[in-house]
Amino acid sequence: MKVSTKAIHTQFERRDAYDALQIPIYSCMAYEFDDAAYMSDVFCGKVIVPDYSRVLNPTVMHLEKRVENLTAAKEVSAFTSGMAAISAMLISTAAAGKNIVSSRHMFGNTYLLVTRTLERFGVEARLVDLCNISEVEKAMDENTCCIFLESVTNPQTEVADTRALSAIARKWNVPLIADTTIVPFTEFDGKEIGLDFQVVSSTKYISGGATSLGGLIIDYGKFPEISTRIKKEAVFNLGGYMTPQAAYQQIIGLETLLVRYQRQAKTAKEIAEFLCTLPKVKEVGYPGLENHPNHALFKELYGDAAGAMVTFDLKDKEACYNFINNLKLFHRATNLFDNRSLAIHPASTIFGPLSDSERKDMDVKDTTIRLSIGLEDPEDLMDDLRQAIENS
Ligand SMILES: *Cc1c(COP(=O)(O)O)cnc(C)c1O
C-alpha cells in the first residue's frame, strides 16, 4: 500500500465490539482481567495489553500503530506534547557525565531543556555547527551519547546533512536523533536518510489544524537499550503518555495529513516567491526556493514539498512590529501548520526570555518574521502580506 492509503487503512489490534469504522476513544483508566495469573503476566510485561491508561491505551496504541505502518519503524511511542517526547527521548539516551552533540539552531524549549534542565543533571550540551562536519567530528568523544538535530531549523531554516552526521554517529556507535516536526514523516524515509530516532511535535501537522497537543518518538530499533528505557522508564516513570482524546484527534488529523501538507507547501512556495518580489523584504528563508543555500540538500533528503514555514526579514524590529500590527487575515499567534495562517516575531516572543547574546549565538534576528501558511486562498494571503509590508 502507498502512504496515502496506509494513512487511512490500518487494522485495529482487536475487532471492535460494534465494528465501528473509526477507533473509539477508550476514555477509561483501568482494564479488567479474568484471572490472577494472566493479570500477573500483564503487569510483569510478559503479555502486552493495556492494564492502566498512563502506560497503554487502545486509542493511543492505534495511533502508534498507524505511525509505525507509515514509517516502517520498529516502535512508536506517543506523548502528551512534542516537548514530552523530546525530553523522554533525551532522558532515555543521556546520563550524568555524558554529552549531547547538537546545534545552537534549536527550538527554544529544546534549547532550554539541554542547556538548563539536563545540565543540572550533569549532561553537557555541546552546541556546534552541524553543517560543518569537521566541527562535529571534533566535538565527539567517548562520552557522547547522541547527535541531535532538527531537520529544518526554526527560524533559521538551516538543513544539515543527515547522512554525513549518521556516518559520524555510526563511528561512535551512538544514535542520530532528529526532530522532524517541520517535514512530516510521510514525505521521506527516516531510516534511509540515516536517522535512528525521530521525535515529532504532532501538535503541528499531524493534529489536523491545532486540535490537540501531542508528541511522537519514532524508533527504528537500532538501539534496543534506549528503546527499553523509552517504553519502560520514560512512559512509566515520567508519565507523559498521550491521552486517548488527543490520540483520537491525531488519528483523524493523520488521515488528511498528505493533502493538507501538499496544499500548504504549494501555497508556501508561492508566498515565498511573492515575498522575494517586494522591495521592503530583505531576505526570504524557505528551503523550497532555488536560491536557498540548502535547497539541493533539502530536496535530496525530504523531497519537493518544502513545508509551510516561511521566514523573511524587514529593515528593523520596528518594521517587524508594524507588520505584525497591520495584519488583517494572518493571525498574530505562535504554533505551526494550523489550517489558518499565522505570523510571529520570534526574537521578541519564543526567544524573548533569552539574553541578547544567546539570541545572537542562535542567529535569531530582530529583523525576522516567521509565517506559518495555512489552507486559505493564496491570493488572499498575498494581499494581506502586501498591505502589511508596504505600511511597515
Ligand atoms: C512546536 C515544536 C516543538 C514542541 O512541541 P509541543 O508539542 O509544543 O511541545 C518541538 N520542536 C519543534 C521543531 C516544534 O516546532
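Pro-155 is placed in the loop between strand S4 (144–150) and helix H7 (162–172). In this predicted model, a cis peptide bond joins Asn-154 and Pro-155, with omega at about 10 degrees. Most residues other than glycine have a negative phi, and most peptide bonds are trans.

**Backbone geometry in loops**

- Asp-19 has a phi near 55 degrees, which is a positive value in a residue other than glycine.
- The loop that holds Asp-19 runs between helix H1 (3–6) and helix H2 (36–43).
- Asp-19 has a relative accessible area of 42% and is therefore partly exposed, since this class lies between the limits of 20% and 50%.
- For Asp-363, phi is likewise positive, near 55 degrees, and this residue too is one other than glycine.
- Asp-363 belongs to the loop between helix H12 (356–361) and S12.
- Because its relative accessibility is 43%, Asp-363 counts as partly exposed.

- Which loop contains Met-106? Met-106 lies between strand S2 (99–103) and helix H5 (108–120).
- The relative accessible area of Met-106 is 1%, so this residue is buried.
- Leaving aside residues up to four places away in sequence, Met-106 touches Tyr-111, Val-114, Leu-127, Phe-148, Glu-150, Asn-154, Phe-351 and Met-362.
- One of these contacts, Asn-154, is also a partner in the cis peptide bond with Pro-155.
- Met-106 and Ala-388 are 282 residues apart along the chain, and their C-alpha atoms are separated by 28 Å.
- Ser-166 is part of helix H7.
- Is Ser-166 buried or exposed? Ser-166 counts as buried because its relative accessibility is 8%, and the limit for this class is under 20%.
- Ser-166 touches Leu-176 and Gly-194, when residues up to four places away in sequence are not counted.

- Helix H11 spans residues 317–326, and its buried residues include Ala-319, Cys-320, Phe-323 and Ile-324.
- These four residues cover an arc of only 140 degrees around the axis, and therefore they are on the same side of H11.
- Glu-318 and Asn-325 are exposed, and they are carried on the face of H11 turned away from its buried side.
- What covers the buried residues of H11? Among the covering elements are strand S9 (309–313), strand S10 (331–332), strand S11 (342–344), strand S12 (368–372) and helix H13 (378–390).

**Packing of helices H4 and H8**

- Two packed helices are described by the angle between their axes and the distance between the axes.
- Helix H4 (residues 82–93) packs against helix H8 (residues 224–238) at an angle of about 125 degrees, and their axes are 9 Å apart.
- The crossing in which H4 passes H8 is right-handed.
- From H4, the residues Ala-88, Met-89, Ile-91, Ser-92 and Thr-93 take part in the contact, and they meet Ile-226, Arg-229, Ile-230, Ala-234 and Leu-238 of H8.
- The residues of the contact of H4 with H8 comprise seven nonpolar, two polar and one charged.

Conventions. Residues numbered from 1 in each chain as written. Predicted model: local features only at pLDDT ≥ 70, side-chain atom pairs only at ≥ 80, totals over all residues. Heavy atoms only, no water. Buried < 20%, exposed > 50% of the residue type's maximum accessible area, 1.4 Å probe, protein only. Helix = DSSP H or I, 4+ residues; strand = E, 2+ residues; numbered from the N terminus. Arc of directions from axis to C-beta. Contact = heavy atoms within 4.5 Å. Axes fitted to C-alpha atoms, helices over the stretch in contact; angles between N-to-C directions. Left-handed = near helix turned anticlockwise from the far one by under 90°. Nonpolar A, V, L, I, M, F, W, Y, C, P; charged D, E, K, R; others polar.
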